[in-house]
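Please look over the sequence and the model below before reading on.

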Amino acid sequence: MRKAMTVILWLGLMVCAVMLISLSGQKYALRREVDSETRKNQVLQTLYDQLKDEWTEKETALTQEKNALLRDTKALTLERDALAEALKAAQAETQAQRQTADRLAAERETASGRLSEVLTMLLTPVPELADASAEAEEETPALPLPERGVQPVPFTE
């Protein structure tokens with residue numbers, strides 16, 4: 001029985017040795033795997049940092065562009081408001097000119113009517129005046145015509 005125990009003990013020791021060697025191999029494999037994963041993690045961290053920097057730069061550029069567009073929008077809004085005011089002023093001036101033109105047309109119509117009345121009255125012969133003017137023509141001598149190089153002098157009061 002002692003021999004059997006010795007054999008079992010030796011077999012147990014061998015199994016332990018084999019398991020120890022196997023575990024040690026697994027330990028090295030796991031260590032290599034951990035190192036590999038650590039390198040992958042470092043590479044991914046580097047890529048993440050680079051992408052983060054790129055996104056930060058893009059965000060900064062987009063923020064600056066947004067601010068520039070906001071400034072342009074404000075400037076265009078002010079310009080639009082100024083143009084709207086100018087348009088209102090031009091429309092008011094146009095309206096005033098139309099009213100003035102209408103008033104002048106009415107005055108012209110009135111003056112035209114009055115002129116027609118005056119001309120009608122002047123061109124209508126009055127019998128009493130016709131006799132008097134005929135007598136006046138007979139009494140007034142004819143005036144001589146001005147000579148050709150002499151200019152008539154305008155009448156001033």
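In what follows, a residue is called buried under 20% relative accessible area, exposed over 50%, and partly exposed in between, with a 1.4 Å probe and protein chains only. This is a predicted model, in which local features need pLDDT of at least 70 and side-chain atom pairs count only at pLDDT 80 or more, while totals for chains, interfaces and linings use all residues. Residues are numbered from 1 along each chain as its sequence is written, and side-chain values use heavy atoms, with hydrogens and water left out.

**Overall make-up**

- The secondary structure consists of two helices and zero strands, where helices (H or I, at least four residues) and strands (E, at least two) are DSSP runs numbered from the N terminus.
- Of the 157 residues in the protein, 0% are buried.
- The protein exposes about 15400 Å², and carbon and sulfur atoms supply 63% of that area; accessible areas come from the Shrake-Rupley method with a 1.4 Å probe, and for residues only the protein chains shown count as cover.

**Salt bridges**

- A salt bridge is taken here as a side-chain nitrogen of Lys or Arg within 4 Å of a carboxyl oxygen of Asp or Glu, and by this rule the count comes to three.
- Glu-37 and Lys-40 are joined by a salt bridge with an N to O distance of 3.6 Å, and both residues lie in helix H1, three residues apart, about one turn of the helix.
- Glu-37 counts as partly exposed because its relative accessible area is 42%, and Lys-40 is likewise partly exposed, at 47% relative accessibility.
- Arg-80 forms a salt bridge with Asp-81, the closest N and O atoms being 3.2 Å apart; Arg-80 is exposed, with a relative accessible area of 52%, whereas Asp-81 is partly exposed at 35%.
- Arg-103 and Glu-107 also meet through their side chains in a salt bridge, at 3.6 Å from N to O, and these two residues of helix H1 are four residues apart, about one turn of the helix.
- Arg-103 is partly exposed, with a relative accessible area of 46%, and Glu-107 is partly exposed at 43% relative accessibility.

**Surface patches**

- Patches are made of residues with over 30% relative accessible area and no salt bridge, with like charges joined within 9 Å and nonpolar side chains (Val, Leu, Ile, Met, Phe, Trp, Tyr) within 5 Å.
- Leu-115, Val-118, Leu-119, Leu-122 and Leu-123 make a nonpolar surface patch of about 510 Å².
- Leu-122 lies in helix H1 and counts as exposed because its relative accessibility is 62%.
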